[in-house]
Amino acid sequence: MSRVLELINKLKDEHSLSTDEYRFILDNYTDEDARSAAEMALKVKQGIYGNEVFLRGLIEVSSICKNDCLYCGLRRSNTNCQRYRLTKDEILECCKEGYNIGYRTFVLQGGEDAYFNDEILCDIIKSIKESYPDCAVTISLGERSRKSYEAIKKAGADRYLLRHETATSEHYSQLHPEVMTLENRMQCLKELKELQFQTGCGFMVGSPFQTNEHIARDLKFIEEFSPEMCGIGPFIPHHATPFAEYSAGSVELTCFLLSLVRLMHPRVLLPATTALGTMHPNGRQMGLLAGANVIMPNLSPQSVRKKYELYDGKAHTGQEAAENKKEIENTLESLGMYANASRGDFKRI
């Protein structure tokens, strides 16, 4: 048995490696090692969640963002971005449509838009929970104050997604403007955990300047933070950002990392991301076969889906569209999996 495979087995058994061991895997793994890791991850996932895949209805509430992250098409400096903001009624209409189709989790995602202050956002969350008490609400609206997170939790939000993007300060500063710091991002994640949100972190694979050392630190952070959710997807450049000419991340490496995260944290809710589906026609299926167990098709109004352009070519049709639930279910069946229509909460011990 190779040293890499020994370490992957160790991760499966002990759910922990040193940063140097993660780095060794990344520096030396082969395609065969990746296939072995995927087989192990799939078995681990099946042991906890069976062949279920949880569906989340994604509602992209705003393309307005105060931040100027160098990789994102919604960055403040992109004057060609088509800006929009959904009203409360439009968001509730998305939920109504999603509920009737069969979705029981709604994910409200958007740029850091000051319009969605605590009063407005909490009113929206309360209205969703009153109308659909059997549903979970996930928020993904960036960095906010602890007081804001407390208010959102009190209003009824169940989960919060906030990708850490990189666990290395120097790398973080290469991806973000000076006013944003890794210290603040990590403090937000810490507070979300303390407030007992089901909390999600995650990072881009193949982002500019990323090294295997950075990824190893990301894996060690995820191991120690122990999130309930973890979003990992390939970096895809956007033409109106400083990173327009950089190469996209690898689908294959992304899937390998999904397998490692599943082995590290067996109960994690692990999406096969839209970015995977954008990069490869079978990217979502590849992610599911590598250990992912969540997909988040788009419930946003048709009129705005093209406007929420985080990166070039973002998929929003076919199986990325929530209304095509039957098509999604058929694909899952072809993989020996099936859609779970429940809230799909994290399974605690």
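A search of the whole structure, a predicted model, identified three cavities of 30 Å³ or more. A cavity is here a set of points, on a 1 Å grid over the protein atoms alone, where a 1.4 Å probe fits but cannot get out; a pocket is an open set with protein on both sides within 12 Å along at least five of seven lines. Lining residues have an atom within 4 Å of a point. Grid points are joined across faces, edges and corners, and a volume is the space filled by probe spheres set on the points. Residues are numbered from 1 along each chain as its sequence is written, and side-chain values use heavy atoms, with hydrogens and water left out.

The largest cavity holds about 1,100 Å³ of space. Its lining comprises 48 residues, of which Gln109, Ser140, Arg163, Glu165 and Leu310 are the closest to the centre. Strands E2 (57-62), E3 (105-110), E4 (136-140), E6 (198-205) and E7 (229-234), together with helix H11 (274-279), each contribute at least two lining residues; helices (H or I, at least four residues) and strands (E, at least two) are DSSP runs numbered from the N terminus. The largest share, five residues, comes from E7. By class, the lining has 27 nonpolar, twelve polar and nine charged residues, where Ala, Val, Leu, Ile, Met, Phe, Trp, Tyr, Cys and Pro count as nonpolar, Asp, Glu, Lys and Arg as charged, and the others, Gly among them, as polar.

Strand E2 is largely enclosed by the rest of the structure, because six of its six residues are buried (under 20% relative accessible area with a 1.4 Å probe, protein chains only; exposed is over 50%, partly exposed in between). E2 and E3 run parallel and are joined by five bridges, with Leu108 of E3 as the bridge partner of Ile59. Strands are taken to pair if DSSP finds at least two bridges between them.

A separate open sheet of three strands has the order E8-E1-E9 with parallel pairing. E1 (residues 52-55) pairs with E9 over three bridges, and Phe54 has Asn340 of E9 as its bridge partner.

Beyond its neighbours within four places in sequence, Ile8 is in contact (heavy atoms within 4.5 Å) with Ile25, Asp33, Ala37, Met40, Phe256, Leu260 and Leu263.

The largest pocket contains about 300 Å³ of space. Among its 15 lining residues, Ala34, Arg35, Ala38, Glu252 and Cys255 are the closest to the centre. Helices H3 (31-49), H10 and H12 (283-289) each give two or more residues to this lining, with H3 giving the most, six. Ten of the lining residues are nonpolar, one is polar and four are charged. The second largest pocket, of about 160 Å³, has a lining of three nonpolar, two polar and five charged residues, including Lys66, Glu112, Asp113, Phe116 and Arg144.

Note on methods:
Predicted model: local features only at pLDDT ≥ 70, side-chain atom pairs only at ≥ 80, totals over all residues.
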